[in-house]
Amino acid sequence: MRTLLQIVATAFAVAVAAWLLPGIVVGGSSFGQKALTLLLVAVIIGLLNSFVRPVLKFLTGCVIAITLGLFVLVINAWILMLASWVSGLAGIGFHVNGFWSALFGSIIISLVTLLLSGITDKRTARA
């Protein structure tokens with residue numbers, strides 16, 4: 001159940017980022033197609049965060065330490081760009097136009113998922 005909530009929260013966060021930034025495009029002609037695209041992108045981002053992000057953080061550990069953790073924002077942008085690339089390979093209508101869109105999009109996605117996870121954690125703690 002927790003994983004499903006994380007996927008939905010990430011999908012919503014990607015939708016917010018796409019709504020705020022013109023450089024992030026979610027394809028689909030209907031609401032259902034866009035929702036499916038967002039859910040698939042959320043799954044891709046979740047998989048990349050599980051498998052690729054730890055490797056990137058390990059390889060760039062010194063840079064992360066020197067920049068006092070700010071380089072993690074760059075890693076998040078790379079993950080979003082990689083999700084865009086994987087989505088293109090899979091034929092999913094999701095695209096990120098450039099590094100700056102990915103950087104600002106990853107910041108928005110991080111903030112929205114942080115906010116949503118705080119809300120959902122409080123709800124699951126009460127149940």
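**Close-up 1. Helices H2 and H4 are oblique to each other because their axes cross at roughly 135°.** In this predicted model, H2 (residues 31–59) and H4 (residues 71–90) have axes that come within 9 Å. Axes are lines fitted to C-alpha atoms, for helices over the stretch in contact, with angles from 0 to 180 degrees between N-to-C directions. Angles under 35 degrees count as roughly parallel, over 145 as roughly antiparallel, 65 to 115 as roughly perpendicular and the rest as oblique. Helices (H or I, at least four residues) and strands (E, at least two) are DSSP runs, numbered from the N terminus.

**Close-up 2. H1 is roughly perpendicular to H2, since the axes cross at roughly 110°.** The two axes come within 8 Å, and H1 passes H2 in a right-handed crossing. From H1, Ile 7, Val 8, Thr 10, Ala 11, Val 14 and Ala 15 take part, against Leu 38, Leu 39, Val 41, Ala 42, Val 43 and Ile 45 from H2. Eleven of these residues are nonpolar, one is polar and none is charged.

**Close-up 3. The largest pocket has a volume of about 640 Å³.** A pocket is an open set of points on a 1 Å grid over the protein atoms alone, where a 1.4 Å probe fits, with protein on both sides within 12 Å along at least five of seven lines; lining residues have an atom within 4 Å of a point. Grid points are joined across faces, edges and corners, and a volume is the space filled by probe spheres set on the points. Among the 25 lining residues, Gln 6, Thr 10, Ile 45, Asn 49 and Thr 113 are the closest to the centre. H1 (2–20), H2, H4 and H5 (99–126) each supply at least two lining residues; H5 gives the most, with nine.

**Close-up 4. The second largest pocket holds about 230 Å³ of space.** Its lining includes Phe 12, Val 25, Phe 31 and Lys 34. By class, the lining has ten nonpolar, no polar and one charged residues.

Residues are numbered from 1 along each chain as its sequence is written. In this predicted model, local features need pLDDT of at least 70, side-chain atom pairs count only at pLDDT 80 or more, and totals for chains, interfaces and linings use all residues, while side-chain values use heavy atoms, with hydrogens and water left out.

Terms used
Ala, Val, Leu, Ile, Met, Phe, Trp, Tyr, Cys and Pro count as nonpolar, Asp, Glu, Lys and Arg as charged, and the others, Gly among them, as polar. A crossing is left-handed if the near helix is turned anticlockwise from the far one by less than a right angle, and right-handed if clockwise. Contact means heavy atoms within 4.5 Å.
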